[in-house]
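This report goes through one protein chain, starting from a single residue and ending with the chain as a whole. Please keep the sequence and the structure in view while reading.

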Amino acid sequence: MDNLFIQATAKSPAIELDSLTGNLKIKGRLIPEDSDKFWIPVQKWVENYAKQPAAKTSFVFDIEYMNITSSKYILNCLYALNEVYLKEENVEVIWRFKKDDVDVKEIGEDFAFMVKIPFEFCPYSEVEFAMAM
């Protein structure tokens with residue numbers, strides 16, 4: 001399975017999905033102009049990956065802002081990985097957010113409530129956000 005890498009823009013996140021290592025990462029603003037065009041390939045990749053996952057899957061989210069359509073696609077990706085977790089328990093989500101961003105933290109908490117995958121919540125400063133990834 002090919003890896004999927006997408007460069008970040010002012011409105012869309014950087015995507016790094018590595019099928020060999022199981023390291024999946026989304027970082028940035030999740031407000032692409034054409035959400036369906038942007039997210040459908042990502043969701044399909046995750047769904048295919050879930051059929052033959054790596055020995056361990058770590059999905060890191062570094063979210064600056066997210067619109068409702070993007071949250072729907074993220075949840076669909078988490079549902080696909082939830083099936084892997086229920087079978088093998090080798091999936092984790094690391095939800096990174098700026099220390100003062102209660103909204104993004106709460107979105108992560110809502111997602112964590114909807115799936116069985118363990119979530120680790122990692123607040124950080126503005127400087128750390130810029131340096132990550």
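S19 sits in the loop that joins strand 2 (14-17) to strand 3 (23-30). Helices (H or I, at least four residues) and strands (E, at least two) are DSSP runs, numbered from the N terminus. The model is predicted: local features need pLDDT of at least 70, side-chain atom pairs count only at pLDDT 80 or more, and totals for chains, interfaces and linings use all residues. Residues are numbered from 1 along each chain as its sequence is written, and side-chain values use heavy atoms, with hydrogens and water left out.

Is S19 buried or exposed? Its relative accessible area is 10%, so S19 counts as buried. The cut-offs are under 20% relative accessible area for buried and over 50% for exposed, with partly exposed in between (1.4 Å probe, protein chains only). Apart from neighbours within four places in sequence, S19 has contacts with M1, D2, N3, W45, Y49 and A54; contact means heavy atoms within 4.5 Å. A polar atom of the S19 side chain lies 3.0 Å from the backbone oxygen of M1. Between the C-alpha atoms of S19 and A50 there are 9.6 Å in space, and the two residues are 31 residues apart in sequence.

K87 belongs to helix 2. With a relative accessibility of 69%, K87 is exposed. P118 is 31 residues away from K87 in sequence, and their C-alpha atoms are 14 Å apart.

E89 is found in the loop between helix 2 (68-88) and strand 5 (91-98). Its relative accessible area of 58% makes E89 exposed. E89 is not a glycine, yet its phi is positive, at about 55°.

## D110 in helix 3

D110 is part of helix 3, which covers residues 102-114. How accessible is D110, and which class does that give? The value is 45%, so D110 counts as partly exposed. D110 and L75 are 35 residues apart along the chain, while 9.9 Å separates their C-alpha atoms.

## The chain as a whole

The protein chain has four helices and six strands. Their order along the sequence is β-β-β-α-β-α-β-α-β-α. The radius of gyration is 14 Å, close to the 14 Å given by the globule rule for 133 residues, so the chain is as compact as a globular protein of that length. This radius is taken over C-alpha atoms, and the globule rule is 2.2 Å times the number of residues to the power 0.38. Along the principal axes, the C-alpha atoms fill a box of roughly 35 × 30 × 25 Å.

Of the 133 residues, 50% count as buried. Among contacts with a separation of 6 or more, 70% are between residues 24 or more positions apart. The chain exposes about 7,300 Å², of which carbon and sulfur atoms supply 51%; accessible areas come from the Shrake-Rupley method with a 1.4 Å probe, and for residues only the protein chains shown count as cover.

Note on methods: A polar contact is a pair of N or O atoms within 3.5 Å; within protein, one must be able to donate a hydrogen and the other to accept it, and residues adjacent in sequence count only if both atoms are side-chain atoms.
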